[in-house]
Amino acid sequence: MMPVITVTNLSKRFNLEAGFFARFGRFVYAVHDVSFSIGKNESYGLVGESGCGKTTTARLLVRMYESDGGDIFFNDSIDVRHLKSGELKQYREKVKYVFQDPARSLNPRMTIYEALVSGYRFSSRWPGQKRARSEAAAILEEVGLSEADLERRPAEFSGGQRQRISIARGLLMEPELLICDEVVSALDVSIQGQILNLLLDIKARRSLSFLFIAHDLKVASYFCDRIGVMYRGEFMEEAPAENLYRNAAHPYTKLLFSAASRSPFDGAEAAAASPAPLGEVKTATARIAGCAFAERCPLAEERCLRDRPDMRETGAGGLARCHKV
Ligand SMILES: Nc1ncnc2c1ncn2[C@@H]1O[C@H](COP(=O)(O)OP(=O)(O)OP(=O)(O)O)[C@@H](O)[C@H]1O
Ligand SMILES: [Mg+2]
């Protein structure tokens with residue numbers, strides 16, 4: 001599988017102290033030693049409870065945050081962490097980020113056309129007003145809206161429609177990787193299903209890779225080919241979505257699935273209708289010696305508190321960070 005992006009041993013901590021106290025450093029270990037890669041045309045899911053480091057990981061990929069260590073390679077050749085500003089701008093045309101909250105990501109004063117082309121206009125690929133207009137109209141139609149909507153403003157649309165517009169904006173420059181950060185979680189369940197189905201259509205139609213972030217393992221299983229499960233900034237398990245559902249290896253993944261009720265393969269609405277899982281987990285503020293999950297794990301034994309497990313093959317085509325697997 002040709003990767004579109006490869007992440008190796010990526011880490012990021014945030015200093016909780018500012019100014020004079022910063023040198024005493026109290027840290028949040030938001031992302032710790034994270035490795036994964038996303039193949040061309042693959043939909044990769046990043047799943048875990050609130051605060052586990054999903055958004056931080058995604059922001060590191062587009063350099064909205066700078067990482068403390070590790071590597072990020074795009075198409076095997078572009079060293080993302082060391083791009084200079086001009087190169088970074090080009091890279092960000094190929095890796096687009098769609099945010100959770102469509103209300104905040106669309107400027108209420110802009111028309112939809114202006115919002116769609118705001119990044120495009122200043123890129124090297126700007127094809128001129130006329131051409132851009134017809135591309136914008138086409139992309140709106142692809143997401144289920146119409147050309148007439150180009151002149152309207154965000155307030156005239158529902159939450160689901162605004163999320164369609166955000167997705168259209170992400171697609172306009174034909175990125176190679178689209179990062180979707182909780183793009184359905186702010187929406188009503190029935191609307192969530194429609195947006196998930198739209199994303200599946202886009203996935204089928206276009207040559208495009210996805211990083212799909214969700215706190216809900218069932219929603220992610222419905223959309224993704226492969227999934228990485230995070231806990232307290234670390235990867236706990238990674239597996240093809242279908243194997244993960246049938247054969248989760250890591251006790252934490254099992255816990256996440258038991259918090260959900262129906263099969264993720266029932267359909268978009270059923271997947272979206274799963275109850276909200278466990279909630280927020282305190283992020284590690286000190287690096288502990290053992291397994292990050294040990295204190296909550298029903299199977300934990302002494303060694304789990306002492307030694308951090310490596311990611312090891314599970315036999316089901318995946319990897320798990322667990323001594324007991
Ligand atoms: N800019 C920041 N400064 C300080 N701490 C931060 C910052 N951004 C994130 N964090 C902390 O890092 C940890 C990981 O946060 P992150 O937003 O990546 O989690 P998440 O998995 O996306 O959660 P959610 O599901 O709620 O979106 C949290 O403890 C968070 O408080
Ligand atoms: Mg987040």
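This briefing covers a strand sheet, a nonpolar surface patch, a pocket and the salt bridges of one structure. The model is predicted. Four strands make an open antiparallel sheet, and the largest pocket has a volume of about 490 Å³. A search of the whole structure finds 20 salt bridges.

**Sheet**

- The 4 strands of the open sheet follow the order 2-1-4-5, with antiparallel pairing.
- Strand 2 and strand 5 (78-79) are the edge strands, each of them pairing on one side only.
- Strand 1 (residues 3-15) pairs with strand 2 (residues 27-39) in the antiparallel sense over 9 bridges.
- Within this pairing, Asn15 has Phe27 of strand 2 as its bridge partner, and Ile5 stands opposite Ile38, also in strand 2.
- Strand 1 also pairs with strand 4 (residues 69-74), again in the antiparallel sense, over 5 bridges.
- On that side, Phe73 in strand 4 is the bridge partner of Thr6.
- In a regular strand, side chains alternate between the two faces of the sheet.

**Nonpolar surface patch**

- Phe20, Phe21 and Phe24 make a nonpolar surface patch of about 370 Å².
- Phe21 is located in the loop between strand 1 and strand 2.
- Phe21 counts as partly exposed because its relative accessibility is 48%, which falls between the limits of 20% for buried and 50% for exposed.

**Largest pocket**

- The volume of the largest pocket is about 490 Å³.
- The lining of this pocket comprises 22 residues, of which Arg92, Val95, Lys96, Tyr97 and Gly119 are the closest to its centre.
- At least two lining residues come from each of helix 2 (85-94), strand 6 (95-98) and helix 6 (159-172).

- Side chains of opposite charge can pair when their charged atoms come close.
- Arg226 and Glu238 form a salt bridge in which the closest N and O atoms are 3.4 Å apart.
- This pair links distant parts of the chain, with Arg226 in strand 9 (residues 226-231) and Glu238 in strand 10 (residues 234-240), 12 residues apart.
- Arg226 and Glu238 are both buried.
- Glu295 and Arg232 meet through their side chains in a salt bridge, with an N to O distance of 3.9 Å.

**Other salt bridges**

- Asp307 forms a salt bridge with Arg306, and the closest N and O atoms of the pair are 3.7 Å apart.
- Asp307 counts as partly exposed at 32% relative accessibility, and Arg306 is likewise partly exposed, with a relative accessible area of 44%.
- A network of salt bridges links Asp33, Glu234, Arg308 and Arg321.

Definitions and conventions:
Residues are numbered from 1 along each chain as its sequence is written. Chains are lettered from A and ligands numbered from 1 in the order in which they are written. This is a predicted model: local features need pLDDT of at least 70, side-chain atom pairs count only at pLDDT 80 or more; totals for chains, interfaces and linings use all residues. Side-chain values use heavy atoms; hydrogens and water are left out. Two strands pair if DSSP finds at least two bridges between them. Patches are made of residues with over 30% relative accessible area and no salt bridge: like charges are joined within 9 Å, nonpolar side chains (Val, Leu, Ile, Met, Phe, Trp, Tyr) within 5 Å. Accessible areas come from the Shrake-Rupley method with a 1.4 Å probe; for residues, only the protein chains shown count as cover. A salt bridge is a side-chain nitrogen of Lys or Arg within 4 Å of a carboxyl oxygen of Asp or Glu. Buried means under 20% relative accessible area, exposed over 50%, partly exposed in between (1.4 Å probe, protein chains only). On a 1 Å grid over the protein atoms alone, a cavity is a set of points where a 1.4 Å probe fits but cannot get out, and a pocket is an open set with protein on both sides within 12 Å along at least five of seven lines; lining residues have an atom within 4 Å of a point. Grid points are joined across faces, edges and corners, and a volume is the space filled by probe spheres set on the points.
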